[in-house]
Amino acid sequence: MDPEREQRDALQEAVAVALAVLLVEVADGLAALVVRAGRRGTVTPTGRDAILSWLGDTIARLFGASPAAAAAAYATLGTVPQLLAASTRAAVLVAAPDGGVPGVAEPVRTWRDPNGLILSDRIWLAGEDARSRLTAVLDAGLARGARPDELARELRGFIRPDTAGRTVRGDQAFSSSRRLASHEINRVHGVTTIARARGAGDLVAWEKAARHAEHDVCDQNARGGPYAPERVPSFPGHVSCACHLRRVPDNGTPEPGGVDGPGLIAALTGL
Ligand SMILES: [Zn+2]
């Protein structure tokens, strides 16, 4: 595998771990609250309200209470917007270690997806998605009369990732956050690669990810390359696309990358 692709994949993995570190407090706090609210054997409606109020406040602090608040949190350490901002800056540097890609950093935040949403909208929505999933698990547990300690364990298992071996699993509550982070890194890496190719007069190859399903739009995109920079198909090809864009210089040999993605993310986020 080419080293630049390895760096991008390592960056994605490092960001998934950093995200898990941020979100562990939700798992621990929620479980403790459920146990405390249910210390007389059941969680009362008042207890439920208190749990949901804490959850809302915590998600708002981590993701932003609104899209505008998410945008305002790009500079606040310990928030998801800050992690995403740092991740995308790192993705630019992985694709362009020597810098010199003017204009790539800012469109990261102002680029609109096919639904018309910018990055802060998508971050806020990922937080709301987690909040509603967790609320549904809590309410389903209360409705079937689950014991508070069982319910606390269930909620914890729904959130808390297993970071053993640096493989993050079991974080269904925050799966859309992980997907968003991974997609943004991939997209920004691709955008930067295209911008660099344009500046250098190079072509861009679309390398299909091995783990993709047998047939999807990416087959066609990979076969159609290498492309002139202005002809590269919309990238990434779809949600969870793990394909890679590679600059193909005139001599046909990709340039080696020189940036340690995980080291970069640690430096940028303080994690
Ligand atoms: Zn793909």
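Guide: A helix here is a DSSP run of H or I that spans at least four residues, and helices are numbered from the N terminus. The model under discussion is predicted.

Visitor: Is Arg5 buried or exposed?

Guide: A residue is buried if 20 or more other C-beta atoms lie within 10 Å of its own. Arg5 has 20 C-beta neighbours inside 10 Å, and therefore counts as buried.

Visitor: How far apart in space are Arg5 and His189, C-alpha to C-alpha?

Guide: Along the sequence, Arg5 and His189 are 184 residues apart. In space, their C-alpha to C-alpha distance is 9.8 Å.

Visitor: Which residues is Ser177 in contact with, leaving aside its neighbours within four places in sequence?

Guide: Ser177 lies in helix α8, which covers residues 175-200. Ser177 counts as buried because it has 27 C-beta neighbours inside 10 Å. Leu19 is 158 residues from Ser177 along the chain, with 8.3 Å between their C-alpha atoms. Beyond neighbours within four places in sequence, the contacts of Ser177 are Leu19, Val80, Ala126 and Ala130.

Visitor: What pattern does the protein follow along the sequence?

Guide: The protein contains 10 helices and two strands. Read along the sequence, these elements give α-α-α-α-α-α-α-α-β-α-β-α.

Visitor: Among contacts with a separation of 6 or more, what percentage is accounted for by residues 24 or more positions apart?

Guide: Of the 271 residues in the protein, 40% are buried. For contacts with a separation of 6 or more, residues 24 or more positions apart account for 71%.

Conventions
Residues numbered from 1 in each chain as written. Predicted model: local features only at pLDDT ≥ 70, side-chain atom pairs only at ≥ 80, totals over all residues. Buried ≥ 20, exposed ≤ 12 C-beta atoms within 10 Å, placed from the backbone. Contact = placed C-beta atoms within 7 Å.
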